[in-house]
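Subject: A structure for you to explore

Hello,

Here is the structure I promised to pass on to you. Please open it beside this email and follow along as you read.

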Amino acid sequence: MGRRLLLVNYLHGDDSFERAVAAEHGAHVDILRPTGGNASEIPADLAAAAEGLISYSAVLKIALPPEAFPKVRCVLRSGVGYDTIDGVAWGARGIPVFNVPDYGTSEVADHAIALMLALTRGTTVYHEALRRDPRKNWTYTVAPTVRRLRTSVFGVVGLGRIGLAAARRAQGFGMDVVFYDPYQPSGFELATGLKRARSLGDLLKVADVVSVHTPLSDETTGLLGAKAFAAAKPGLIVINTARGPVVDLDALYDALKSGQGAAAGLDVLPKEPADPDHKLIRAFLDREAWLEGRLTLTPHSAFYSPAANDDLRRKTIETVLDHLETGSITNCVNREQLARRT
């Protein structure tokens, strides 16, 4: 039968794409979808037979522990974020965990800039205002956060592939770019020609816009919280296309309500879909006057274009098969745990 791959928390509609890619390599796939919004239930026989394990959801975990998969030789999260997979536990068994970091780099960077432009040029506000009353609202005064981008400071939290791509785009608008990333080596600022902030606080003191491009971890959860917003330059615009929990939604609400924060564009939220009971989301839905034109939301869609989606689906299968066939660990995200084991 060839290699056996088990695909769990599968989210795409038609699965013929994955089956075709696997068949090109002589492999077989078993596909399990989430049930009632919960992680896929995994029959013991499929867990026992799988050599490669792939999880598709950004929020659902794998329902069984690593020891339930005796033949699995690698695990992959089909996407960039991998916080739903326990890399430490898998690494302790000598199993590499992979992600697919490069399929939607351009799309996410474009989306971050689009959210910034929607707020700084007022496009969504004008659109909605004119739909309500095309005569009365034929005025530039209805958008509260319009500003000049040229000479403004674009702050990047996490200067990886996507963060750097967003930074380059911001430079195209004449913005000065400053980044904070403690994991990039010394001299990285020289190689990129960008300015480096030595702390998050230093970045927020100078940034007019801050765009989040960091993975989710214990260290980054709530990174943009009350302390960060209190230290920020007044009038900050927050853009998040990374992971929802990096931005503390309660603290963001307080910053926007007080005026310390000017606006926010969020593609990701701590709870998805958006929680209508959260005070910020409720104020958005109720169109509370103080928030009008200062918050724009998109449904965790920054990664998506038809081309990017095809890239993701193909690279998901091929990355796992490449490891099974050659031992390659390109895009391994738990190398440190594997190194400790050896």
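First, some ground rules. This is a predicted model, in which local features need pLDDT of at least 70 and side-chain atom pairs count only at pLDDT 80 or more, while totals for chains, interfaces and linings use all residues. Residues are numbered from 1 along each chain as its sequence is written, and side-chain values use heavy atoms, with hydrogens and water left out.

The sheet

Helices (H or I, at least four residues) and strands (E, at least two) are DSSP runs, numbered from the N terminus. Strands of a sheet pair through backbone hydrogen bonds, either parallel or antiparallel. Here, two strands pair if DSSP finds at least two bridges between them. Seven strands make an open sheet with parallel pairing, in the order E8-E7-E6-E9-E10-E11-E12. At its edges are strand E8 (195-196) and strand E12 (295-297), each of which pairs on one side only. Strand E9 (residues 209-212) is joined to strand E10 (residues 236-240) over four bridges in the parallel sense, and Val210 has Val238 in E10 as its bridge partner.

Helix H4 (residues 105-120) packs on this sheet, touching (contact means heavy atoms within 4.5 Å) strand E6 (153-157), E9, E10, strand E11 (261-266) and E12. The direction of H4 makes about 145° with that of E10; axes are lines fitted to C-alpha atoms, for helices over the stretch in contact, and angles run from 0 to 180 degrees between N-to-C directions. Helix H6 (residues 161-172) also packs on the sheet, where it touches E6 and strand E7 (176-180).

Helix against helix

How do H4 and H6 pack? Their angle is about 50°, with the axes 8 Å apart, so H4 and H6 are oblique to each other. For these labels, angles under 35 degrees count as roughly parallel, over 145 as roughly antiparallel, 65 to 115 as roughly perpendicular and the rest as oblique. Among the residues that meet are Val108 and Ile113 in H4, and Ile162 and Ala165 in H6. The residues of this contact divide into seven nonpolar, two polar and three charged. In that count, Ala, Val, Leu, Ile, Met, Phe, Trp, Tyr, Cys and Pro are nonpolar, Asp, Glu, Lys and Arg are charged, and the others, Gly among them, are polar.

Helix H1 (residues 16-24) and helix H12 (residues 306-326) pack at about 40°, with their axes 10 Å apart, which makes H1 oblique to H12. The contact includes Phe17 and Val21 of H1, and Ile317 and Leu321 of H12. Its residues divide into five nonpolar, no polar and six charged.

Rings and single residues

Rings of Phe, Tyr and Trp (its six-membered ring) pair if their centres lie within 6.5 Å; planes under 30 degrees apart count as stacked, over 60 as edge-to-face and the rest as tilted. The count comes to six aromatic pairs. One of them, Phe69 with Trp90, is tilted, at 6.0 Å centre to centre and 45° between the planes.

A cis peptide bond joins Glu272 and Pro273, with omega about -5°. Pro273 sits in the loop between E11 and helix H11 (279-285).

Finally, look at Glu107 in helix H4. Glu107 and Ser301 are 194 residues apart in sequence, with 9.3 Å from C-alpha to C-alpha in space.

Enjoy exploring!
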